[in-house]
Amino acid sequence: QVQLVESGGGLVQAGGSLRLSCTASGSIFRIVGMGWYRQAPGKQRELVATTNAGGGTNYADSVKGRFTISRIDTKNTVYLQMNSLKPEDTAVYYCNVRGYYSSSAFMTFDEWGQGTQVTVSS
C-alpha cells in the first residue's frame, strides 16, 4: 500500500510563486517516476512536469522556463517550484508516483495524490 500526501497549494497573485510538495509513503521498493498533473474545471487532466529515476525531466510547453520539478529520493518526495504564475495556471494539481512495491520487485504501483488547489488571481 502506497499513499501520497500533497501540500503547498493556495491563492497567489499573478507573477507570484508557490511550491508544491508530495511525499510518498508505504511499501515502496523503488520509485521510477514522479510527476505533477493539473486539471482545470471543464478540462482534461494534463501533464505539467515529470522526472524519472535517471534524473531526466519533462515539462509542458506552457510551463517551461517558469516551473521546476525536483526530487529528494531519500525522502520519497517530489517538489514543483512554480514561478511567474499566470491566471491560466489555476487548476487542481495532482501528484503522481510510479514504482515497485517492496513486497515484490516486479509488482508495480501507480498512485495519485488527493489534489491541491492552485488559484492565481489577475
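The model is a predicted one, in which local features need pLDDT of at least 70 and side-chain atom pairs count only at pLDDT 80 or more, while totals for chains, interfaces and linings use all residues. Residues are numbered from 1 along each chain as its sequence is written, and side-chain values use heavy atoms, with hydrogens and water left out.

**Strands and their pairing**

Strands of a sheet pair through backbone hydrogen bonds, in either a parallel or an antiparallel manner. Strands (E, at least two residues) are DSSP runs numbered from the N terminus, and two of them are taken to pair if DSSP finds at least two bridges between them.

| Strand pair | Direction | Bridges |
|---|---|---|
| E4 and E5 | antiparallel | six bridges |
| E4 and E9 | antiparallel | ten bridges |
| E9 and E10 | antiparallel | five bridges |

E4 and E5 form a hairpin with six residues between them, and Gly42 in the turn has a positive phi of about 80°. E9 is likewise joined to E10 by a hairpin, through six residues.

**Aromatic pairs and a charge over rings**

A search of the whole structure finds two aromatic pairs, where rings of Phe, Tyr and Trp (its six-membered ring) pair if their centres lie within 6.5 Å, and planes under 30 degrees apart count as stacked, over 60 as edge-to-face and the rest as tilted. In one of them, the ring centres of Tyr37 and Trp112 are 5.0 Å apart with the planes at 65°, so this pair is edge-to-face. Because Tyr37 lies in strand E4 (residues 28-39) and Trp112 in strand E10 (residues 108-112), the pair ties together parts that are 75 residues apart in sequence. Tyr37 is buried, with a relative accessible area of 18%, whereas Trp112 is partly exposed, at 31%; buried means under 20% relative accessible area, exposed over 50%, and partly exposed in between (1.4 Å probe, protein chains only). In the other pair, the rings of Tyr101 and Phe109 have centres 5.3 Å apart and planes at 55°, so the pair is tilted, and both Tyr101 and Phe109 are buried.

A charge sits over a ring if NZ of Lys or CZ of Arg is within 6 Å of the ring centre and within 35 degrees of the ring normal. Arg45 lies over the face of Trp112, at 3.8 Å from the ring centre, and Arg45 also lies over the face of Tyr94, at 5.6 Å from the ring centre.

Asn96 is found in strand E9 (residues 91-101) and is buried, with a relative accessible area of 3%. Its side chain makes a polar contact with the side chain of Asp110 at 2.7 Å, a polar contact being a pair of N or O atoms within 3.5 Å; within protein, one must be able to donate a hydrogen and the other to accept it, and residues adjacent in sequence count only if both atoms are side-chain atoms. Not counting residues up to four places away in sequence, Asn96 touches several residues, including Leu4, Tyr37 and Trp112, where contact means heavy atoms within 4.5 Å.

Asn52 lies in strand E5 and counts as partly exposed, at 37% relative accessibility. The C-alpha atoms of Asn52 and Gly33, which are 19 residues apart along the chain, are separated by 4.4 Å. Leaving aside neighbours within four places in sequence, Asn52 is in contact with Val32, Gly33 and Arg71. The side chain of Asn52 also reaches the backbone nitrogen of Gly54 at 3.0 Å, and a polar atom of that side chain lies 2.8 Å from the backbone nitrogen of Gly56.

Note on methods. Helix = DSSP H or I, 4+ residues; strand = E, 2+ residues; numbered from the N terminus.
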